[in-house]
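Please read the following walk through one protein chain with the sequence and the model side by side. The text goes from strands to helices and then to a loop.

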Amino acid sequence: MKLFIHWIRQHEKLSLLTLSFIIPAAVMAAYFCYRGMGPFGSSTLLTVDLGQQYVDFFAYFRHTLLSHPSGFFYTFQKALGGEMFGVWTYYLMSPFNFILLLFSDKTLPSAIFWITVLKYGAAGLSFAWLLMKTKVQKHLPVLAFSTSYALMGWMVANQLNLMWLDAVVILPLIIWGIIQLVDTGKMRSYVGWLAALLIINYYMAYMVCLFAGLFFLWYWLSQTHSGKAAFSSLYRFIAGSVLAAGIAAVTLLPTWYSLGISKNQYLQTDWSAKFEYFPPKMLAKFFIGSFNFSQMPKGTPNLFIGSLMVLGAILYFLQAVHPKKNRWLALLVTVILALSLCFEPLDLLWHGMQFPIWYPYRFSFVVSFWLIWLAANTLKPEFTPTFKQLIIPILLCTATVIYVWVNVDQFSFLSQNQMLIGSLLLVAAFCLVALPNKRPWFYQLAFVLFAVIEMTSSAATSLNRISYVTKPEYQNYQQVLSTQAADVTDHDHSWYRMTPTFMRTKNDPLSGQFNGGSVFSSTLEKSMPTFMGNMGEPDGDGFVTYSNGTLLSDSLLNMKYVIDRHTNSGTLGTNVVNPVSTRTDLTDYQRVRKDGMISTYKNPYALPLGFLSSNNILSLDNFTKDPTQYQANLWSSLTGNPQDEHLFGAQNFDHVIFQNVKQQTKLTGAILQKNNLVKPGVITFNFTPKTNNAYYLTLGANLIDDNVSINLNHHPLAQYPTYRNTIIVNVADHQKGKPVQLQLTLKKATLWLQNFTLYQFNNQQFAAGQKRLAANPLKVTQHSQSSLTGSVDVKSNDSTLMTTIPYSKGWHVAVDGHAAKAVKVAGIFTALKLQHGRHTIRFRYWPPMLTTGLIMTLISLSICAFSIYKQQRHH
């Protein structure tokens, strides 16, 4: 034991750095084990977007690196097809993600466990390294500050956003680079770490860049005395920032293009100079456990850093050892950061001119860093506050406790017990700070233990309120999906799309490795949800769900296979598979596999990826908001038959029964009202099909699950619960003479029957048009995720090759070995004008601006290499 203690004292720096990693990592690992997460129980860390989005991207990461590298830049598993560079640079560039390669798809939750724990540890390590390199803190107290940083409220609240945590790890290293740049003129650390973060996650790097500018100005103005030295440091900072961006250009420029067709389409131009909430409300976030689920979609900033750090930050401004200029500059930075947390224009600026959808005040980790940094500069062994210095912190803390206590009912994440415990911890922190002799080892140990216990308590209290996906929920569904998808892909190696009528997440195609029609991604091209919404599919700014296909849309989009879960009761579907689509029209397809409650159908009407069509598609203006008419117009422009514009014909219900609802003569657009608000309000619609054609019902955006429940023939209508445009639902097919009943039950006092219309589809006319389009296919001979080669025989002098490849400037097309210009049709797809004869067509995807970015990166690296060589020659 004595030898061990002696070794630790001899290797103090190494020991402290090791402990700075181990303490937060062990704390969170122990908590996760207590909750039975990861490899240590039946639960997982999957919750909200981590479970609904990121885990499928992690599966795609594995598949791409291990099996399908052609999907790195582009994949048809993203909705109908889309670029993936933006996905990589936002979600997947963290070096921690290589751990995923050691796990299977089924055990990805365990991989996420280890990545999360390691990132907590790495955050503590990097902050400890900064403190020791700058000599701001030495010896044991370093661990109190590193643990407070690693377990701060922002980390706990955003641990599910795994791709953001790298910014917390790298921020202290960038700050060290700035300090080194000002003090010694050396730019290497600053340039290297900033470039690394820009490559790993440009979004969080943007926020770090803004903070780095503020930190540089504070440190630069605080440290610089001579005019020449001042301008030299400023020049180096600007040059270093530009150089870091140049090194990262290989990812930044293609990402910029990606954002231009996705997120930047939603830039916020409507804002006002106002406070978003009463600013003192953010003070409640300084109490332990100040986070719960309701804070995810819309809450106040996550600022918890522990009592010691708060007191240290306040005392910084009262400590005479720091020059007045430094303190006034620090106060200015603090005020700017505080205003950013509540003043709308500044909040918008920090988020790249887009208000976040969920997870507000994403930049607040830099505020926590700043406060802990100030505390570390204050709470040194030689500092003992005077009574006069303690008065202001006592008054501020007392006022905060009183305000929050009086208004505790306004904060769903706080209870009186939390406030009581938090207040007692604050009093204890005052006592620790006020003690005169802070050099003995037992005081320093108490200082560290206090911080660790408080941060651990806060993290546990917050996370205890969050529910998580269980391991069986994830793994059982993954097994069902992968088994069904693999059975199709193993037997059919041609190019096609397929879709299930059930889902766990909208990114099922990415984890199931099939070309589908759904995706959930912040970098989704805007044209995709626009098109899908027009077609009658659920859509949003960052997602599309191909759950409401029709015979026509399945055919057009090459949905060759449909995997269906039977709607009648059964063990498999009830517990594992969540149906989101009702498809009675699958009777028109051929069942090729049945596995318990799951059946796979082959679509005989599926058109190939490319086919010759009428030239009318080149001039189509399709502005209707009726999805049935939108589909018919699109189909008609392809077939060249004007009669196809009437494929969907409106039908009347045979009779309607109103129960506790005021009777209406006109249904579509009617506003239904309950007679008795206490009793259920039910409307029953009945009709008997006179043909074996398919029948479809349109539902306006008001007819979502929150407002009404819908039964079809006494069974709940399987449907994705939310949508913002009118959707199409299949309600009958091959049911001539068989009564069909639709029953709507109001969930509120009134219901708007928005765009509630029944249509009969002309199956025979559709089949004739499909046969005509399928007669001249693009025969695909070679295909990968980012390239396709095929041949087509053009018999007329002037024809249009229509493809359902989403149009992008990244697609380079060659006809018979010569570059050809593709045209955009229907606002989304790629088409080619072809002359008579047999042609070989090659599509190859290369991300726009990647070549330019690569050149800029090579130039920037050359400048760095030359600069290092020149410095070495000089020395």
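Which residue in E6 is the bridge partner of Val-519? The partner is Val-544. Averaged over the protein chain, the pLDDT is 92, and 97% of the residues reach 70 or more. Residues 569–574 have a pLDDT below 50. In the model this stretch has nine contacts beyond near neighbours in sequence. Where pLDDT is low, the predicted coordinates should not be read in detail.

The bridge between Val-519 and Val-544 belongs to the pairing of E4 with strand E6, residues 543–544. These two strands run in the antiparallel sense and are joined over two bridges. They are part of an open sheet of three strands, whose order is E4-E6-E5 and whose pairing is antiparallel. Strand E4 (519–520) and strand E5 (539–540) are the edge strands of this sheet, each pairing on one side only.

Another open sheet has four strands in the order E3-E7-E9-E8, and its pairing is mixed. Its edges are strand E3 (497–500) and strand E8 (590–595), each of which pairs on one side only. Ignoring direction, neighbouring strands here are turned against each other by 20 degrees on average. E3 pairs with strand E7 (residues 559–565) in the parallel sense, over four bridges. Within this sheet, Met-498 stands opposite Tyr-561 in E7.

The helices come next. Two packed helices are described by the angle between their axes and the distance between the axes. For helix H3 (residues 48–66) and helix H4 (residues 85–92), the angle is about 115 degrees and the axes are 11 Å apart. H3 is therefore roughly perpendicular to H4, as angles from 65 to 115 degrees count as such. The crossing of H3 with H4 is left-handed. On the H3 side the contact is made by Gln-53, Tyr-54, Phe-57, Phe-58, Tyr-60, Phe-61, Thr-64 and Leu-65; H4 contributes Val-87, Trp-88, Tyr-91 and Leu-92. By class, this contact has 10 nonpolar residues, two polar ones and no charged ones.

From H8, the residues in contact include Leu-171, Ile-174, Ile-175, Ile-178 and Asp-183. Among those they meet in H10 are Val-208, Phe-211, Phe-215, Phe-216, Trp-220 and Gln-223. The residues of the H8 and H10 contact divide into 16 nonpolar, one polar and one charged.

What is the angle at which the axes of helix H18 (residues 416–434) and helix H19 (residues 441–463) cross? The crossing is at roughly 165 degrees, and the axes come within 11 Å. Since angles over 145 degrees count as roughly antiparallel, H18 and H19 are therefore placed in that class. Their crossing is left-handed. H18 brings Gln-418, Leu-425, Ala-428, Ala-429, Leu-432 and Val-433 to the contact, where they meet Tyr-443, Phe-447, Phe-450, Glu-454 and Thr-461 of H19. The contact of H18 with H19 has eight nonpolar, two polar and one charged residues.

The last stop is a loop residue. Pro-381 lies between helix H16 (364–378) and helix H17 (387–406). Setting aside neighbours within four places in sequence, Pro-381 is in contact with Lys-438 and Arg-439. Gln-137 is 244 residues away from Pro-381 along the chain, but their C-alpha atoms are separated by 9.0 Å.

Definitions and conventions. Residues are numbered from 1 along each chain as its sequence is written. This is a predicted model: local features need pLDDT of at least 70, side-chain atom pairs count only at pLDDT 80 or more; totals for chains, interfaces and linings use all residues. Side-chain values use heavy atoms; hydrogens and water are left out. Contact means heavy atoms within 4.5 Å. Ala, Val, Leu, Ile, Met, Phe, Trp, Tyr, Cys and Pro count as nonpolar, Asp, Glu, Lys and Arg as charged, and the others, Gly among them, as polar. pLDDT is the predictor's confidence in each residue, from 0 to 100. Two strands pair if DSSP finds at least two bridges between them. Axes are lines fitted to C-alpha atoms, for helices over the stretch in contact, and angles run from 0 to 180 degrees between N-to-C directions. Angles under 35 degrees count as roughly parallel, over 145 as roughly antiparallel, 65 to 115 as roughly perpendicular and the rest as oblique. A crossing is left-handed if the near helix is turned anticlockwise from the far one by less than a right angle, and right-handed if clockwise.
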